[in-house]
Amino acid sequence: MAAFLLPLSTGTAVAATGGTGPHPAEYVTTFRLPGHTIYRPADLPADERLPIVAWGNGGCLADGTMFENILTEFASHGFLVIANGRPGGFGRTDSEMLTEAIDWAINENDRWFSPYRGRLDTDSIAVMGQSCGGIEVYEVADDPRITTTVLWNSGLLSDRDNHLLTRLHAPIAYFTGGPDDIAYANALDDWSRLPSGLPAFMGHLDVGHYGTFGEPNGGEYGRVGTEWLKWQLKGDQNARQQFVGPDCGLCSTEWDVQQRNLG
């Protein structure tokens, strides 16, 4: 199995513009969740609850703004996104930080005087990660609270870890950068070993291991990732059409698509 390269430095990324969704987004920090960066609508909507997305960075690096563009894009469409690492942080992360993010969000939804009290959809939770962050996602994916699991440019590095695949229970999506992505073969191998009956989607876009994360709003990755979250966490049937069936929205585009057990 191939080893993963570290993502591009944040200095190469285009500054986030607040996203294309109906809720201009920002990122904040809180002493109640040290070591994380929280992406959210700048004005929390009063008429909808925000599903929760926990994010693991490429390289397992503790920089919560490494993927600022795409995470701001997700938040602008009405999601609370919690990235491992503080803004501009350094050091390493681990999978426990994803669980900490979920625990914090659920507690904040119930805590008196929390700005998030009653505003989060704690029954709709995604875990996402890029490259090494995807391995972190695998390590927590057996959490029964998780609604969907998403890996970007990622897959298991060793057959010794294949047992992690048997613990998957929620619909899973893989998005890779095509054959030039160093994680491409790893993702394909994992796909072949998924539990029977698990709903799964795989999309390959020929953009390499670093994807379109550095483009404004996360580029095509940002668009497609938002659609997956809308379907899985908000039940959006228009978004569902992007992924399901032989005539799916992505099926006739530059994406190379595979589907399993998608209803």
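This is a predicted model: local features need pLDDT of at least 70, side-chain atom pairs count only at pLDDT 80 or more; totals for chains, interfaces and linings use all residues.
The structure holds 11 salt bridges. One of them joins the side chains of Glu108 and Arg111, with an N to O distance of 2.7 Å. Glu108 is buried, at a relative accessible area of 4%. Arg111 is partly exposed, because its relative accessibility is 22% and the buried class ends under 20%.

Helix α6 spans residues 219-234. Two salt bridges involve residues of this helix. In one, the side chains of Arg223 and Glu220 meet at 2.8 Å, N to O. These residues stand 3 positions apart in α6, so about one helical turn separates them. An α-helix has 3.6 residues a turn, so residues three or four places apart point the same way. Glu220 is buried, with a relative accessible area of 18%. That value falls under the 20% cut-off for burial. Arg223, at 36% relative accessibility, is partly exposed.

The other α6 pair is Lys230 and Glu227. Their side chains form a salt bridge of 3.9 Å, N to O. The spacing is again 3 residues, about one turn of the helix. Here both Lys230 and Glu227 are buried. Elsewhere, Asp103, Asp143 and Arg145 belong to one network, joined by salt bridges that share partners.

Acidic side chains also occur in a surface patch. Asp94, Glu96, Glu100 and Glu139 form this negative patch. Glu139 lies in helix α3, which covers residues 132-140. Its relative accessibility is 36%, so Glu139 counts as partly exposed. Patch membership requires over 30% relative accessible area and no salt bridge. Glu139 therefore passes the accessibility cut-off with its 36%.

Helix α3 also takes part in covering another helix, α5. Helix α5 runs over residues 184-192. Its buried residues are Tyr184, Asn186, Ala187, Asp189, Asp190 and Trp191. The elements covering these buried residues include two helices, α3 and α4 (163-166). Strands also contribute to the cover, among them β7 (172-176), β8 (200-204) and β9 (256-260).

Technical notes
Residues are numbered from 1 along each chain as its sequence is written. Side-chain values use heavy atoms; hydrogens and water are left out. Patches are made of residues with over 30% relative accessible area and no salt bridge: like charges are joined within 9 Å, nonpolar side chains (Val, Leu, Ile, Met, Phe, Trp, Tyr) within 5 Å. Accessible areas come from the Shrake-Rupley method with a 1.4 Å probe; for residues, only the protein chains shown count as cover. A salt bridge is a side-chain nitrogen of Lys or Arg within 4 Å of a carboxyl oxygen of Asp or Glu. Lys and Arg count as positive and Asp and Glu as negative; His and the chain ends are not counted. The place of a charge is taken as NZ of Lys, CZ of Arg, CG of Asp or CD of Glu. Helices (H or I, at least four residues) and strands (E, at least two) are DSSP runs, numbered from the N terminus. Buried means under 20% relative accessible area, exposed over 50%, partly exposed in between (1.4 Å probe, protein chains only). Contact means heavy atoms within 4.5 Å.
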